[in-house]
Amino acid sequence: MILKTVKLVLRCLYIVNTLLRHKNRSLGSFFYSIKFLLTKRQSFIGICQIIYLMAKEITPRSEDYSKWYNDIVRKAGLAENSAVRGCMVIKPLGFGIWENMKSVLDGMFKDTGHVNAYFPLFIPKSFLSKEADHVEGFAKECAVVTHHRLMNNPNGSGVVVDPSARLEEELIVRPTSETIIWNTYKDWIKSYRDLPLLINQWANVVRWEMRTRPFLRTAEFLWQEGHTAHATSEEAVEEAKMIHEVYARFAEDYMAMPVIKGAKTESERFAGALETYTIEALMQDGKALQAGTSHFLGQNFAKAFDVKYLNRDNKEEHVWATSWGVSTRLVGGLIMTHSDDEGLVLPPKLAPTQVVIIPIPKPDPVIMEHADKLSAALKAQGIRVKIDRDEKKRPGFKFAQYEMEGVPVRVGIGKRDLENNVVEVARRDLKSKESVAIDGVVKYVADLLGEIQNNLLAKAKAFRSDHTTSVDNFEDFKSAIENKGGFVQAHWDGTPETEDKIKELTKASIRCIPNDSVLEEGKCVYSGKPSKQRVLFAKAY
RNA sequence: CGGGAUGUAGCUUAGUCCGGUUAAAGUGCUGGUCUGGGGGACCAGAGAUCGGUGGUUCGAAUCCACUCAUCCCGACCA
């Protein structure tokens, strides 16, 4: 600070000097100098403010939740905005989490009899219009390919679209693949022997969103979409429900993100579905996140694309369909479920790096020998380990860095530790640490990873139950949504009109009709009409 | 798509109202010295067509017009 002040004073002297050298414009210069002095003083104050602000790297949640979320995404290195509006670059840490999610889910799909395939990115425009509800749901956010060639700009530099290369039929960049897939299934399905057809694809899709947020809503995102065909309605419903279970299990067991399973109301359903099953998670700001959906599509697409099979009685019938998906949105849910004001917090099962080993104060041969040995032993247990070999950065900096990146366990190895035959083990979730005897450290760390996983789930569950409120009149309803946030359980008369009205008045929507909702006589919280069960309301992402 | 705000070095910004010196600072980056168990100190350096285009002016980061982008609040949506 003192140095800065001195520099400022020197600059002032310089100005005075300049002033003297420009006597011919004395009056103007004089006023200019005064102004210059004032503005420089402002700069000085501004700089002090910046320094103050930079002490806190991440905006606290209590101050601005959105900023906090963006800070985590950027400073932990999960993703960043790209040159393309609404599209993000997923960086190695963010993609590493997605890869782990993908690999677990893919295993679960395979275990339940599904296989992967890949369908085109482009969908002929005419396909999309074959199912009326479906097209209505997506028409407003489609990217359209109209041309297939560029040419040098005849008026100057750069390239322009070649007007002579207009496509006969425009192509839609898939917002979802039902249409192209059912157009294909038409040729694949002839007999009941071809059923069920259980296919999944990992792909990117594009929905031209007005407002985007990293992971939660981007114009392009990565997902999986399962599309299955069945001989009977019952079998298709069963499939949709089974996948619903898979999603819930994945969310709780791997993401440590508790979810409410339930069905969507008619107005919240997927465009073209007869029933949509959803898993709903609660974020730390009290807003709900739809984390995965599984749809029973009835025969809508089979009829639209004329997909028929011959049953055992040699009679033609339309097949019954499901589709289901989860996306990179899950990464956003993961961030908002566990992370804190220090940075990202990752559940060990999905963390790209589960354990980081830091030599203290810096890598040296003796310490590195122990680090390598420990790393190898942990790897042998199937644990994902990284050794920080950077000689330039200091341990304190590294600690802060890995906390920001959410690495679940940090092992510090220093000379003093080695003299005592211990290492220092720190856990990210509680930010606590202790010395552990080298002999037992592998088992200790392995157990700790499990404990962290359990603790994160328990903490998230506790948060959710603290933020779930049961109400019986509209005043309490509004107050709960407005002041406390979170899930609100209330009776609803079952009409879209009431649902809309409540949403208009409170911004809360029906997240789902929970599977485990008990049947009880009650009155709709808004209209007072009779209701048989409570549904789950919340403000949503 | 409506309302509001912001674009200046890799990042965070000051300066813009009220046009005028060689565009400023922190952080990050490079090299060096001393350091080293919770975001080190010092020294030296590199790094900016002030978002873009056009206009007004002797002179534009600063004023005007248009445009692009980002963020926030709505509507829409996974």
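Colleague: Where does Pro361 lie?
Modeller: Pro361 is in the loop between β17 and α11; helices (H or I, at least four residues) and strands (E, at least two) are DSSP runs, numbered from the N terminus. The model is predicted: local features need pLDDT of at least 70, side-chain atom pairs count only at pLDDT 80 or more, and totals for chains, interfaces and linings use all residues. Residues are numbered from 1 along each chain as its sequence is written, chains are lettered from A and ligands numbered from 1 in the order in which they are written, and side-chain values use heavy atoms, leaving out hydrogens and water.

Colleague: Is the peptide bond that joins Ile360 and Pro361 cis or trans?
Modeller: That bond is cis, with omega about 0°. Leu195 and Pro196 are also joined by a cis peptide bond, with omega about -5°, and Pro196 belongs to the loop between α7 (178-188) and β9 (197-206).

Colleague: Back to β17: which strand do 6 bridges join to it?
Modeller: They join β17 (residues 355-360) to β19 (residues 409-414), and the two run parallel. Pro359 has Ile413 in β19 as its bridge partner.

Colleague: What is the strand order of the open sheet?
Modeller: The order is β18-β17-β19-β20-β21, with mixed pairing (two strands pair if DSSP finds at least two bridges between them). β18 (385-387) and β21 (432-437) are at the edges with a single partner strand each, so one side of each has no neighbour in the sheet. On average, neighbouring strands are turned by 25° against each other, direction ignored.

Colleague: Which helix packs on the sheet?
Modeller: Helix α12 (residues 395-404) does, touching β17, β18 and β19, and its direction makes about 170° with that of β17. Contact means heavy atoms within 4.5 Å; axes are lines fitted to C-alpha atoms, for helices over the stretch in contact, with angles from 0 to 180 degrees between N-to-C directions.

Colleague: At what angle do the axes of α11 and α14 cross?
Modeller: The axes of α11 (residues 365-380) and α14 (residues 441-466) cross at roughly 50° and come within 10 Å. Leu374, Ala377 and Leu378 in α11 meet Val441, Val442 and Val445 in α14.

Colleague: Changing topic, is Phe215 buried or exposed?
Modeller: Phe215 is buried, with a relative accessible area of 2% (buried is under 20%, exposed over 50%, partly exposed in between, with a 1.4 Å probe and protein chains only). Its phi is positive, about 70°, although Phe215 is not a glycine. The residue is in the loop between β9 and β10 (220-230).

Colleague: And is Asn314 buried or exposed?
Modeller: Asn314 is exposed, with a relative accessible area of 57%. Its phi is also positive, near 60°, and Asn314 is in the loop between β14 (308-310) and β15 (316-318).
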